[in-house]
Amino acid sequence: MEDLHGQLEQVFRDVFNNDAFTLKDEMTSRDVPGWDSIAHMNLMFTIESRFGIQFVGNELADFKDIGELKRYLARTVE
């Protein structure tokens with residue numbers, strides 16, 4: 001199975017239609033071109049689908065950076 005970082009990076013590549021996108025732990029939404037409210041919703045639903053989780057409310061927006069999202073996924077996903 002592909003590692004968590006690689007899976008999440010592929011989600012970002014798919015959602016933002018950028019095969020060259022490189023995900024870094026310190027990134028925030030401001031660092032990702034095209035991350036607007038619609039892309040945020042697409043990202044949230046794609047992460048939920050890919051990892052078999054369900055965010056509560058706007059939980060995705062509450063993470064301070066990608067690293068925090070990855071730590072959450074590591075704790076939540078089997």
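I note that the model is a predicted one.

Next I looked up the aromatic pairs, and the structure holds seven. I took Phe12 and Trp35 as one of them: their ring centres are 5.7 Å apart and their planes stand at 65°. Planes over 60 degrees apart count as edge-to-face, so the pair of Phe12 and Trp35 is edge-to-face.

I then checked where these two residues sit in the chain. Phe12 belongs to helix α1 (residues 4–15), while Trp35 is in the loop between α1 and α2 (37–51). They are 23 residues apart, and the pair links distant parts of the chain.

Is Phe12 buried or exposed? I read a relative accessible area of 0% for Phe12, so Phe12 is buried.

I also looked at Phe55 and Phe63. Their ring centres lie 6.3 Å apart with the planes at 65°, so this pair is edge-to-face. Phe55 and Phe63 are both buried.

Last, I turned to the largest pocket, which holds about 160 Å³ of space. Which residues lie nearest its centre? I listed Thr28, Ser29, Trp35, Leu60 and Phe63, out of 13 residues that line the pocket. The elements giving two or more residues to the lining are α3 (59–62) and α4 (66–76). I sorted the lining residues by type: seven are nonpolar, three polar and three charged.

How values were computed: Residues numbered from 1 in each chain as written. Predicted model: local features only at pLDDT ≥ 70, side-chain atom pairs only at ≥ 80, totals over all residues. Heavy atoms only, no water. Phe/Tyr/Trp six-rings, centres within 6.5 Å; stacked < 30°, edge-to-face > 60°. Helix = DSSP H or I, 4+ residues; strand = E, 2+ residues; numbered from the N terminus. Buried < 20%, exposed > 50% of the residue type's maximum accessible area, 1.4 Å probe, protein only. 1 Å grid on protein atoms, 1.4 Å probe; cavity = no way out; pocket = protein on both sides within 12 Å on 5 of 7 lines; lining within 4 Å. Points joined across faces, edges and corners; volume = space filled by probe spheres on them. Nonpolar A, V, L, I, M, F, W, Y, C, P; charged D, E, K, R; others polar.
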